[in-house]
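Biologist: I'm new to this one. Can you put it on screen and walk me through it?

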Amino acid sequence: LFRLMSRKRIAGIVFALLMISAIGFFALSVSKKHNRREEIKSTMTLSNLGESLDFSLSQYLDPTLVLIVNSECEHCQWQVEALHQQNLALDMTNLIFISIESRDTLINYLTEVGFSERKIVAFEKEPKLIKAAIGSVSTPQLLIYNQNQLVKHYKGETRVDLILKSLSDED
């Protein structure tokens, strides 16, 4: 059979088979990645986050905004200051700050920005714990929870209006 076909035709068939295989592999990997994201999102409850980072979050009511920040990070500084400017809009929201810095350093920074010390919930955690819990240690990161479920996960500076919209959504 192959003797009857020209080399160009065989090369064309082989190329077509390779392309079909590559497209199939790409489609399968995209599907697996999407399924993995959905799996992570469904298991990233506020309770699970607390367990992963070794602290209890059961006393916090909805909605809850968890911020992964560092006081020396310019993007974090912008984010924290922008959130502080919306303090009244966030009054009914639990704010939980997590950092790899010492808890005292984080609390000092947040009080300098203007957050009330009695409202600050801050935790100091090892980078490996944060990475295991949410997949990355980059800062700033914002995780919005409602009814113990992750509603939105922002990485990097995020406009406050988007955060407020996610906090008010009843997903």
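This is a predicted model: local features need pLDDT of at least 70, side-chain atom pairs count only at pLDDT 80 or more; totals for chains, interfaces and linings use all residues.

Biologist: Fine. What is the order of strands in the sheet?

Modeller: The sheet is open and has 5 strands, in the order β3-β2-β1-β4-β5, with mixed pairing. Strands here are DSSP runs of E, at least two residues, and helices are runs of H or I, at least four residues, numbered from the N terminus. Two strands pair if DSSP finds at least two bridges between them.

Biologist: Which are the edge strands?

Modeller: β3 (121-124) and β5 (149-155); each of them pairs on one side only. On average, neighbouring strands of the sheet are turned by 20° against each other, direction ignored. Such angles run from 0 to 180 degrees between N-to-C directions, with axes fitted to C-alpha atoms, for helices over the stretch in contact.

Biologist: And β1 with β2, in which sense do they pair?

Modeller: Parallel, over 5 bridges, between residues 64-68 of β1 and residues 94-99 of β2. L67 has F97 as its bridge partner in β2, and T64 has N94. β2 also pairs with β3 in the parallel sense, over 4 bridges. There, I98 stands opposite F123 in β3.

Biologist: Is β2 mostly covered or exposed, and what packs on the sheet?

Modeller: Mostly covered: 5 of the 6 residues of β2 are buried. Buried means under 20% relative accessible area, exposed over 50%, partly exposed in between, with a 1.4 Å probe and protein chains only. Helix α4 (residues 103-113) packs on the sheet and touches β2 and β3. Its direction makes about 145° with that of β3. Contact means heavy atoms within 4.5 Å.

Biologist: New topic. How many residues are in the largest nonpolar core?

Modeller: 26, and L65 and F97 have the most contacts inside it. A nonpolar core is a set of buried Ala, Val, Leu, Ile, Met, Phe, Trp, Tyr and Cys residues joined through side-chain atoms within 4.5 Å. The largest share of this core, 5 residues, comes from α4.

Biologist: What does F97 touch?

Modeller: Not counting residues up to four places away in sequence, its contacts include L67, V80, L106, L110 and F123. Apart from that core lies another, of 15 residues, among them L53, I98, I134 and L143.

Biologist: Now α3. Which of its residues are buried?

Modeller: C76, Q79, V80, A82 and L83. They cover an arc of only 160° around the axis, which puts them on the same side of α3. That arc is the one of the directions from the helix axis to the C-beta atoms. On the other side of α3, E74 and Q85 are exposed.

Biologist: What covers the buried side?

Modeller: The cover includes β1, β2, α4, β4 and α6.

Biologist: Why does Q79 count as buried?

Modeller: Because its relative accessibility is 0%. Q79 touches P140, L142, G156, E157, T158 and I163, not counting residues up to four places away in sequence.

Terms used: Residues are numbered from 1 along each chain as its sequence is written. Side-chain values use heavy atoms; hydrogens and water are left out.
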